[in-house]
Amino acid sequence: MNIQPVLAQVSFNLQDIFRNALQSIDNLGSVGAFAFIGLYIIATVAFLPGSIITLGAGVIFGVVWGSLYVFIGATLGATAAFLVGRYLARNWVARQIEGNKKFAAIDRAVGKEGLKIVLLTRLSPVFPFNLLNYAFGITGVSLKDYFIGSVGMIPGTIMYVYIGSLAGSLARIGTENQPTNPTVQWAIRIIGFIATVAVTVYITRIAKKALEQEVL
């Protein structure tokens with residue numbers, strides 16, 4: 001059985017659900033900001049793609065307020081997912097790697113340099129946002145470093161909210177008819193590429209250093 005059409009249908013249905021939810025939020029007036037943030041938190045914890053919601057923020061709230069609300073919702077949702085990963089999965093993972101000195105050394109190294117790593121991975125589109133939230137929960141990264149590292153989401157957030165604002169209508173977001181800005185898209189790619197290279201090199205270096213210390 002080919003599951004690709006099924007997955008495409010599910011994705012399409014989610015987009016419709018999100019568009020309808022955003023339309024309802026748009027009709028709430030001043031209370032809409034709180035509803036939007038709540039929707040973003042739920043989507044993040046539930047492992048649902050938030051691209052349509054981010055683009056929709058630009059249509060409903062504009063670039064400035066839309067970026068702020070997305071950042072708040074994404075940060076709170078990511079923190080909630082991080083805590084779920086840490087307290088529901090951390091002990092299980094710890095048991096699986098018990099006795100593996102190499103992994104333990106790398107985990108400790110990541111914990112010490114957590115803020116820089118979280119910051120860089122947030123800047124890079126290569127690392128899936130929702131998956132990363134839970135993955136960091138089972139590492140040694142502190143909650144404080146993880147939370148502060150969320151500022152790395154700001155450039156991408158502003159850019160995507162801006163692209164959404166160009167649509168002018170919720171019906172056009174995420175479709176082929178949605179206007180875009182090539183300059184902004186290239187800026188996203190360049191920032192993401194630089195961050196990806198930086199985090200890869202950085203993690204490799206601290207992991208190697210941790211393993212060398214473990215051997216010594």
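Analyst: Contact here means heavy atoms within 4.5 Å, and helices are DSSP runs (H or I, at least four residues) numbered from the N terminus. The model is predicted, so local features need pLDDT of at least 70, side-chain atom pairs count only at pLDDT 80 or more, and totals for chains, interfaces and linings use all residues. Residues are numbered from 1 along each chain as its sequence is written, and side-chain values use heavy atoms, with hydrogens and water left out.

In α5, Ile117, Val118, Thr121 and Arg122 meet Phe129, Leu132, Asn133 and Phe136 of α6. The residues of this contact comprise five nonpolar, two polar and one charged; Ala, Val, Leu, Ile, Met, Phe, Trp, Tyr, Cys and Pro count as nonpolar, Asp, Glu, Lys and Arg as charged, and the others, Gly among them, as polar. The axes of α5 and α6 are 11 Å apart, at an angle of about 165°. The two helices, α5 and α6, are therefore roughly antiparallel (an angle over 145 degrees, taken between N-to-C directions of lines fitted to C-alpha atoms over the stretch in contact).

The largest pocket has 32 lining residues, with Arg122, Pro125, Phe129, Gly156 and Tyr160 nearest its centre. A pocket is an open set of points on a 1 Å grid where a 1.4 Å probe fits, with protein on both sides within 12 Å along at least five of seven lines; lining residues have an atom within 4 Å of a point. Its space is about 720 Å³, a volume being that filled by probe spheres set on the points. Among the helices that each supply at least two lining residues are α5 (114–123) and α6 (129–137), while α8 gives the largest share, five residues. The lining divides into 20 nonpolar, 11 polar and one charged residue.

Definitions and conventions. Axes are lines fitted to C-alpha atoms, for helices over the stretch in contact, and angles run from 0 to 180 degrees between N-to-C directions. Angles under 35 degrees count as roughly parallel, over 145 as roughly antiparallel, 65 to 115 as roughly perpendicular and the rest as oblique.
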